[in-house]
Every structure is written in C-alpha cells, then in structure tokens.
Number of protein chains: 2
Amino acid sequence: MSFGRTAIFGIVSLNRLKTALPYIFGTATTITYCYVHKPFNKHHAAMLDFFRLIPTSLDTDVSDKYPDKPSESFMAESITNKDILEKDALNSYQARMEIFILKLQKQLCHVLEQYEAKQNSEIRFQVDRWTREEGGGGITCVMQDGEVFEKAGVNISVVHGQLPVQAIEQMRARGHQFIARNIPLNFFAAGISSVIHPRNPHVPTIHFNYRYFELVDVDGTIHWWYGGLVLMFKMKMIIRLFVFLSFSGTDLTPYYLNENDCKHFHLSLKKTCDKHDSSYYSKFKKWCDDYFNINYRSNERRGIGGIFFDDLNQPNQESCFSFVKACANTVIPSYIPLIKTNYQRSYTTSEREWQLLRRGRYAEFNLVLDRGTKFGLQTPGARIESILMSLPPIAKWKYGWDFKEDSPEMKLMKVLKEPREWV
Amino acid sequence: MSFGRTAIFGIVSLNRLKTALPYIFGTATTITYCYVHKPFNKHHAAMLDFFRLIPTSLDTDVSDKYPDKPSESFMAESITNKDILEKDALNSYQARMEIFILKLQKQLCHVLEQYEAKQNSEIRFQVDRWTREEGGGGITCVMQDGEVFEKAGVNISVVHGQLPVQAIEQMRARGHQFIARNIPLNFFAAGISSVIHPRNPHVPTIHFNYRYFELVDVDGTIHWWYGGLVLMFKMKMIIRLFVFLSFSGTDLTPYYLNENDCKHFHLSLKKTCDKHDSSYYSKFKKWCDDYFNINYRSNERRGIGGIFFDDLNQPNQESCFSFVKACANTVIPSYIPLIKTNYQRSYTTSEREWQLLRRGRYAEFNLVLDRGTKFGLQTPGARIESILMSLPPIAKWKYGWDFKEDSPEMKLMKVLKEPREWV
C-alpha cells in the first residue's frame, strides 16, 4: 500500500474506510494503482471526492498538466516516453492531448472502481498496454462481471506513422487542403474512447470518444483537427483500412426514460458547448441523433443522443483543444450522478429482459452501422478485442416484441423514434 | 381435436400419450395444427414417428406431392392460391418447390414442437403469414423461450416480380447468359431457411436454407438454378437491394465437440451428396468452411460447417430439384438425433457461459459477414424481423477469453481454426 493511499484514507471517516476495504485488499494484480502524495492541491481534492464517492463536479476537471508523480498517475506507462512527454507538456498539443487522455482514463476508471467497491465487489479494471509495430500503441482498460458495471471499457490510443497517398486524397476530397501530391505524410492520432454498461436497467449506458489528429504537410505545415478519421484505401486488390477511428462525442443509451436524468445529461453538454460557441450544442446534438440511427429498424435511435462532431479546427487550436477537453471532462459530471441515483434501485426480471433486448439493438448498431467498428474489423492486424470492447456483455433478441401503449418501454420507444429536445 | 389426431393417438402407447398430453391441451392458439386422416400411407407413417418421438429416418422424406388435405398440411395457407398450386403440382417446378418447402416447414416445426412438449412445455411456434406488395409472400414460424429450444425459426418465402436491368447485368457478370438487354425480366424465387438454437449447450445450433430461382428471358426461355441470389443496384444515388437471399446449404454450430455427432452430421450430408454426384460433398464442404469464416477473428469458423452451394443447374432440372429436396430432407435425420441424445444432458453454468460467448460469435457473423443479412438490412421495406430471426436469443461478449490448453472449449476452438474432415 502506498503512502499516498494511507494519507488519503487518514482523513476519511471510518465508515467509508470500511466500505473501501475490499478494494484496498483486492487482488487486482494487473492494475497499476496510483494516488498522489500531496493531499491539498486541486487534483488531490478531486481524488478525495472519489474516495468520498461523491460524483465529481466540473471543478474536478482533468488537466493537461504533466502530473507530479508520473508512475502513479496513469493506468499504465504512457505510450510516448515519459521524459519526452514531460518535456513537451507545455509546448506540444500532441503531448498535452496524450497527458490529458491518460489522466482522464485514470480518473474515470478510478470513479467506476469506487462504485464497484461500494457493493463489496472485488472486480477491478484489467489493464492491457499494447504497442503497434508501425508506431505508438494504447492502453485498454476493461472491467467486467461487476456488481455495478457488467462491462466498462476505457481505452486510449496514441498512434503515429505514415499516411499513404490514397488516404490523403480521400481527406482532400472531404475538404482538407494539403500541398502534398502523391507522397505519404507523417500523421499523429491520439484519442480516448469508452463504453460503460451498468448492470441495473435504470442506469443508462454511456459511450464517448474524443480524438485529435495531426498531419504534417511537405512544407512542414501541421494540419490538425479534432474529431474522427475513417480512411479506406485499396492495395493489391484488397480493401485495406489505414486508420479506423470514429468521430468525437458523447451519447447516452437509457433503458428506461428518467426525464430528469436525460435533462441533466443534455444540460451538462449544452453548458459545456455554450461556453465555447452558442451554435455548437444544437448542431452537434442533431449530428448525434442522425448518426446513432438504426435506419433499418424504422429509424429507431440507439439512445437519447448527446453531441457528436468531426473536423473541428476553428477558431484556433487552443480554443478547440480547450473545447474537446471540456467535453471530455463533462463525461463524469454528466453521467456519474445518473449512476449514483439509480444503481441501487430495485428492478424486475421483465425490466432486466427489456434492458437485454435493447442491448441487442446496441450490438446491432455497433456491428452493422458504426463506421469505426465496421472499418476496424476490415483492418488486417487490428486489435479486435479493443474494437469490440464496446459490445454489451450480454444481449438478447426476441422475435416480435409486444408492449402496452402506456408502458415505460413504449415511452422510451417514442423518444427513440422521435428524438426530443431536452433543454 | 381432429379425428386424425385421435386416430393416431389410438395406436401409440398410453405412456407416450401421457407425455404428449400437455401438448394436446396446449394453448398455442396462433398455430394451425395439421394431422392427416388416413393413417397407413408413407406420409402418415412419418407422422407416427413424430408422435413416437423417434428421429425420422431418410424414409420419412417430405415429398413435393400435393397433400390430400391442404388446409391441414401447412403451417399456414400456401402463398400461391391453393387451386393453382394443386393444378400445377405435377408439371411446374415452381409449384413443386412451394409444396415441398411448405411441407418441410410443417414437418420440422412439428418435430421441434414434439421435443418441446416432452419437457411439459407449452411453448409452440408462432406463425406469421405475410404478403409482399410486389408479388408473393412468406410464412415465418418462430418458437422462442422454450425449455428445449430457446429460439427456433423456420421460414419460407415465395416471391415473384420484375428483376430490374441492373440486377440482370450483375447476374450476367456472374456467368449467367441471357438474351435480354436493358429490359427487366420476370423472376420467381422460393426457399426455406431455418436457424435452431437449443437451450442445452450440448445440443448444436443448426442453420440451413434451400432456394430455387427462375428468370424468364425475352424469348420465353426459363433460366433456373438452385442456390442463392444477392443483387444490389443503385437507384437515385441510394444503394438498394432487390432480392437478398443467401446461398443454399446446411451447417452445424456445436458449443462442445461431440465427435460422434459431428461425424453423424457430416456423414448424413455426404451420403445424400454421393447419391447425386460423388464430387459434391468435398466441394460443397470446402465452400461451407470458407463461407462461415469470421476472418477478423483470425479465421475462426462459426461452426463445424456442412455443405454450401450456389448456381446449381447441372446436369438437368429434375436431378437438381431432386438433389435439393434430398439435402433439405437430410436436415431432420442429420440433426434430430443430436437433439435426442443431448437435450436432457446436465450442464454447468460455465458450460452455459461458453455457449453464450460462442453465440456472441454467431451474432457477429450474421450481422457483420453474412451476405444475406447484410444486404437484407439495406433493403428498404424488408421484413427485418424475418431477416434477424437468425440471431441467437441471448449472447455474450467478454473481453479476453481465457481457457486451458486441454479444455473442451479449446478442443472446439482448434476445430474452428482448422476445419477437420469428418468422414
């Protein structure tokens, strides 16, 4: 047990310590635990919040500042060499993005583990750090079969290499302007993605991903944007994919419609958007409703949406980075209260059944329609386990559902068929 | 209770009658029951077999002869008007195929319901007869949440209409020779498809479909073949699908490898093939192994294969029809013994868990790779419930499986990675 952990527990109540004991003595050997030492700066105040199991507020934002104790602050060793990362932390968006997603991954995993520990569950995140031959790698964190979370995945990836000509031409066709013609360019991509499937049907599933891209032109100009990148190119008659990353955004999939939860979730996102651009929320909300649409199921949405965007590079880089950080930092305050208020609610077998049927739809969307998943599966050598981490732990399909007109299930279905304005 | 049913029960033992009682008095109001009256012809001998719950042998083949009592012999009213069907039964392959699949659907549903009834379960097939605006329709039969069968679907469809020019050109590119240029042609398609997901992990899942196609050329020549048809054409910039039918064949998906079962299954298929052409089995077995391949899962097969073919139109129509009937008639004798010997076996929660994880792979194959499903989902106005009937009733996904080198699970995995010759 580290000193840091002892120090923090020294100031929480005995009762909370008792709740946390199974966690402290858990057998999650594959996990790198990390708690910082100095207990009174802003970052540590946030850590205390986690131990107190109070959902973090917007004040507990993860920053892109390099942490004091690198070895103790991430779920695993950073992808970029830590000395380079620390040196570049002030002047490079690559480094700032990597630090930010490493810290957010740690924070989110930590919050989720706390809820798991509250139920005396010893389930913890399994951490897999992987590297990519062509450059970079990632950290896949998955917690499964928990009491509170049936499956929660929080992944980061930081990859770089050369983008082939065909891919560059596809990006040009999408509106990006490059000087380069017929030569490959160096690229960099860093992102965080997560899907959380709680066990209780009254707690919604959340999905989010936030990504940053850079492409270095022949004259040294760095083209950058926040969002996604899906590029396909043909090589020797085989369709191959180069980078298979989805768009950026956060969306919620409830199984039962708790209107206050939905409003809180959307209001949190709207507040974050409004601080940056008053047009963002309505634009990105519509984009989200349009994307998570199971068209072949009579345009049934996967959930109640959220925000969704791509190719964000205006008005300037600092502003965009700040917006993306703010969106990603909104995940915890927008979502954790929904866990807090619902995870101990009782539920019936038929409510559980409905949740599993809806999860069947979730699996369908991911396998049939999600661009990132589809293209990922076509990529030779792709890390399939990380790509399919988003699939629900358990799902059902039933021929011909039947529910009553005024049932809670029908209430949800109506919103899925006709997305509502929540704020 | 019809006279026929009474007559049949009159000659079975009291003990068997007792077993069948819950079935007789079941509440399956949506089902058209049918038992023929004269108890001593070949067809009725087969019916007796069902009541005795003895797996049918090859002698109990369904024929393409129009039944004596049409209203009592199918799961629902035939798609083609019964007078036309009866009149054409001797001289038209369209009619013979429709009669055959209607009868086989009935026979298979009946056998499966008998097993369900053996467990004192009141679950029966739900029957949905549907029609298609452009011509024809189908009968979807689904039994779900049973004691023996978690989900079993047996569907037939008989459709006709006009095949657009783009579709004809695609077929020409596949090797079919037509006189017609730039004009639509009349087509006819009739087929049966089925997926059976038993509850017990020791009973394999089976899937089969058999289909017949006709296309009438400008000079009146009828182009015909047995197999599948997947045609896509663009219309007003939207990719639309015209007919979305898969190939023909039967394949088995065990969760635990019972070598005798696998041998019996493949030997049944081989015997059927060998009676028609000694080259068929090895050719169609390889085709099957190649098709049901989850390539992105390091070429893991969905199951242990079976036979699979397309574009069968040699040496002549009677011979092809006879072969397809024989293959479809092999489903019951190749599969029912596997139910019989395994459905009452005890199983552990970890065996059930493994079954559900493998079913996750089944869902993946169907949603990501199966051509029929993929194209079906892209078809505006397609009957999605019928297309996705093939999905397992319940499936699981787990990040990072782990099993021992000599475990039964690993034994299956080895065969899935490297298909074996069973006979």
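In this predicted model, A:Pro315 is found in the loop of chain A that runs between strand 12 (305-309) and helix 10 (317-329). The peptide bond that joins A:Gln314 and A:Pro315 is cis, with an omega of about 0°. In chain B, the bond from B:Gln314 to B:Pro315 is likewise cis, omega being near 0°, and B:Pro315 is found in the loop between strand 12 (305-309) and helix 10 of that chain.

The loop between strand 12 and helix 10 of chain A also holds A:Asp311, whose phi is near 50°, a positive value in a residue other than glycine. With a relative accessibility of 27%, A:Asp311 counts as partly exposed. A positive phi, of about 55°, is found too at A:Asn299, although this residue is not a glycine. A:Asn299 belongs to the loop that connects strand 10 (293-294) with strand 11 (300-301) of chain A, and because its relative accessibility is 35%, it is classed as partly exposed.

Aromatic side chains were examined next. A search of the whole structure finds 50 aromatic pairs over all chains. Since A:Tyr115 lies in helix 6 (residues 93-118) of chain A, and A:Tyr343 in the loop between helix 11 (331-342) and helix 12 (349-369), the pair ties together parts that are 228 residues apart in sequence. Both A:Tyr115 and A:Tyr343 are buried. In chain B, B:Tyr115 and B:Tyr343 form an edge-to-face pair, with 5.3 Å between the ring centres and an angle of 90° between the planes. Here B:Tyr115 is part of helix 6 (residues 93-118), while B:Tyr343 lies in the loop between helix 10 (317-342) and helix 11 (349-369) of chain B, so this pair, too, ties together parts that are 228 residues apart in sequence. B:Tyr115 is buried, as is B:Tyr343.

Elsewhere in chain A, ring pairs link a set of aromatic residues into a cluster, and among its members are A:Phe208, A:Tyr210, A:Phe247, A:Tyr280, A:Trp287, A:Phe308 and A:Phe365. Aromatic rings are also involved in contacts with charge: the charged end of A:Arg361 sits over the ring of A:Trp401, at 4.2 Å from its centre, and in chain B the charged end of B:Arg361 sits over the ring of B:Trp401, at 4.1 Å from the ring centre.

Attention then turned to the surface. In chain A, the residues A:Ile179, A:Ile183 and A:Val218 form a nonpolar surface patch, and together they have about 250 Å² of accessible area. A:Ile179 is located in the loop between helix 7 (165-173) and strand 4 (185-198) of chain A, and it counts as exposed because its relative accessibility is 51%.

In chain B, B:Thr131 lies in strand 1, which covers residues 126-131. The relative accessibility of B:Thr131 is 59%, so this residue counts as exposed. When residues up to four places away in sequence are not counted, B:Thr131 touches B:Gly136 and B:Gly137. The C-alpha atom of B:Thr131 is separated by 7.9 Å from that of B:Ile79, a residue 52 positions away along the chain.

Key
Residues are numbered from 1 along each chain as its sequence is written. Chains are lettered from A and ligands numbered from 1 in the order in which they are written. This is a predicted model: local features need pLDDT of at least 70, side-chain atom pairs count only at pLDDT 80 or more; totals for chains, interfaces and linings use all residues. Side-chain values use heavy atoms; hydrogens and water are left out. Helices (H or I, at least four residues) and strands (E, at least two) are DSSP runs, numbered from the N terminus. Buried means under 20% relative accessible area, exposed over 50%, partly exposed in between (1.4 Å probe, protein chains only). Contact means heavy atoms within 4.5 Å. Patches are made of residues with over 30% relative accessible area and no salt bridge: like charges are joined within 9 Å, nonpolar side chains (Val, Leu, Ile, Met, Phe, Trp, Tyr) within 5 Å. Accessible areas come from the Shrake-Rupley method with a 1.4 Å probe; for residues, only the protein chains shown count as cover. A salt bridge is a side-chain nitrogen of Lys or Arg within 4 Å of a carboxyl oxygen of Asp or Glu. Rings of Phe, Tyr and Trp (its six-membered ring) pair if their centres lie within 6.5 Å; planes under 30 degrees apart count as stacked, over 60 as edge-to-face and the rest as tilted. A charge sits over a ring if NZ of Lys or CZ of Arg is within 6 Å of the ring centre and within 35 degrees of the ring normal.
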